[in-house]
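Here are my notes on the model you sent over. Have the structure open while you read, and jump to whichever point you need.

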Amino acid sequence: MSRSAHPAGPRHADVLPEGHYTAPADDLNSLDPKVWAQTVGRDADGVVTVGGIPVTRLAEEFGTPAYFLDEADFRARCHAWRGAFGTDADVFYAGKAFLSRAVVRWLHEEGLNLDVCSGGELATALAAGMPADRIAFHGNNKTEDEIERAVEAGVGRIVLDSFQEIVRVAHIADRLGVRQRVQIRVTVGVEAHTHEFIATAHEDQKFGIALAGGQAAEAVRRALQLDGLELIGVHSHIGSQIFDMAGFEVSARRVVQLLAEIRDEHGVELPEIDLGGGLGIAYTSDDDPREPHEIAKALGEIVTRECEAANLRTPRISVEPGRAIVGPTAFTLYEVGTVKPLEGLRTYVSVDGGMSDNIRTALYDAEYSVALVSRTSDAEPMLVRVVGKHCESGDIVVKDAFLPADLAPGDLIAVPATGAYCRSMASNYNHALRPPVVAVRDGEARVIVRRETEEDLLRLDVG
Ligand code: LLP
């Protein structure tokens, strides 16, 4: 296919403006299975389908913008993680990536546990029937009210994040007459290769208690002295959207070293370690994520080896994937409103959503892919920037991508891999109405989070 310059904007790689581009696929109609949910394909008319339903029908029934979540894919990913880690380990889905009552039920059915990090997430988990002992409660500044609700509900563990919180949780547990199972979140001093705002285990950030300078050892000393706490282990989460296993390996090694130090000082072998979440997914064809079984194998081996060297019993491992489970399962469907070629630069394609349904591009410089999904096209690739309808020039959904040059208002385009941290970070900026999440499975689609309405907005505005 020729990619010569075109009046609608530059197409050829030699004349592209500066930036980072995933080269246009040879066939813009192809859908890379790395970035699209499992049941996504095209029907005989060239319309993209998910769970057997064409997106044109979904758009008619549910409107745009909307997130469509492939339930079979979600369950398959849960199954793969569960299977990879086996019965000697626990997989806690990180609810912050995306949480709804339907999702909680699927997790429960698939044998996963759940990590929550706020009273709202806890309420959702409990409302959908997740047994409290399979819930872990996180957060660097849990309120007294949240702690009390978590202890009262009987959550399986609270992950302690500061010296103040050690005392706070112990007091509340005492008052309620229970011994609360807790882990201590330690900062292992690993530089994770990801965006600064989603890296969490270097020293200069707000999470956890540093291993460096003996802080974590001191936290363990204090927690072990408090009757209200049952210290079951140590937790480390090094960041998010990470591909390189080296950081996890260093983290595992340091956490096991701490367990050995605890054994030497206190004569106690803590039974569990949690290595957090953070595994990367493919947002574009350039990304090469690891499979759950590779991750389980790498982590299992390093923990076993380090424990043998330190003469420790191997602790029960848990992990907390969020993005790696829900991220690839959903796409956002938009309708094209305007197509604006900027000579010598690129073509701006405006859709009916934007930074209110996907803040990740603006916030983390995240890269996404995009495809024309309501039809196929043989037109040449055109360099586009997909932008939203908000009053802000940073309102970018996909910074640089290629779409067919005959793209026109009324076409449907979809951005894959938006299952994680898009609906959960959605906002009402410009009084946008947050889009629905529609679960699709075996030819059936059902709303699991409905679209917001103007009435919803006005209900909060008490005049
Ligand atoms: N465990 C803990 C303690 C965490 O803080 C997180 C994410 C996870 C597990 C799950 O990480 P995941 O497997 O989903 O990467 N809003 C950002 C991501 C923030 C992640 C915060 N913590 C984004 O959109 O990239």
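The points below go from the domains to the ligand, then to the aromatic pairs and a helix.

1. Before anything else: this is a predicted model. Please keep that in mind for every distance and angle quoted here.

2. Start with the overall layout. The chain splits into domain 1 (3-70 + 328-460) and domain 2 (138-321). Their C-alpha centres are 36 Å apart. Domain 1 is made of two stretches of the chain, 3-70 and 328-460.

3. Where does the ligand lie relative to domain 1 and domain 2? Both domains give residues to the shell around the ligand, so the ligand lies between them. That shell has 19 residues, and the closest are Ser240, Glu320, Arg360, Tyr364 and Tyr421. Sorted by class, the shell comes out as 6 nonpolar, 7 polar and 6 charged residues.

4. Now the individual contacts to the ligand. The side chain of Arg360 puts an N or O atom 2.5 Å from an oxygen atom of the ligand. On the Glu320 side chain, an N or O atom is 2.7 Å from a ligand nitrogen. Gly322 takes part through its backbone: a polar atom there is 3.0 Å from a ligand oxygen. As for cover, the ligand taken alone exposes 580 Å², and the protein buries 91% of that.

5. On to the aromatics, of which there are 7 pairs in the structure. Take Phe68 and Phe331: the ring centres are 5.9 Å apart and the planes meet at 40 degrees, so this pair counts as tilted. Phe68 belongs to strand β4 (residues 66-70) and Phe331 to strand β14 (residues 330-341), so to speak a link between distant parts of the chain, 263 residues apart. Phe68 is buried, with 0% relative accessible area, and Phe331 is buried too, at 1%.

6. Just past the end of α3, Gly111 has a positive phi of about 80 degrees.

7. Is Phe98 buried or exposed? Its relative accessibility is 4%, and the cut-off for buried is under 20%, so Phe98 counts as buried. In space, the C-alpha of Phe98 is 7.2 Å from that of Val326, although the two residues are 228 apart in sequence.

Terms used: Residues are numbered from 1 along each chain as its sequence is written. This is a predicted model: local features need pLDDT of at least 70, side-chain atom pairs count only at pLDDT 80 or more; totals for chains, interfaces and linings use all residues. Side-chain values use heavy atoms; hydrogens and water are left out. A residue is near a molecule or strand if one of its heavy atoms lies within 4 Å of it. A polar contact is a pair of N or O atoms within 3.5 Å; within protein, one must be able to donate a hydrogen and the other to accept it, and residues adjacent in sequence count only if both atoms are side-chain atoms. Accessible areas come from the Shrake-Rupley method with a 1.4 Å probe; for residues, only the protein chains shown count as cover. Ala, Val, Leu, Ile, Met, Phe, Trp, Tyr, Cys and Pro count as nonpolar, Asp, Glu, Lys and Arg as charged, and the others, Gly among them, as polar. Domain bounds come from an automatic or database domain assignment. Rings of Phe, Tyr and Trp (its six-membered ring) pair if their centres lie within 6.5 Å; planes under 30 degrees apart count as stacked, over 60 as edge-to-face and the rest as tilted. Helices (H or I, at least four residues) and strands (E, at least two) are DSSP runs, numbered from the N terminus. Buried means under 20% relative accessible area, exposed over 50%, partly exposed in between (1.4 Å probe, protein chains only).
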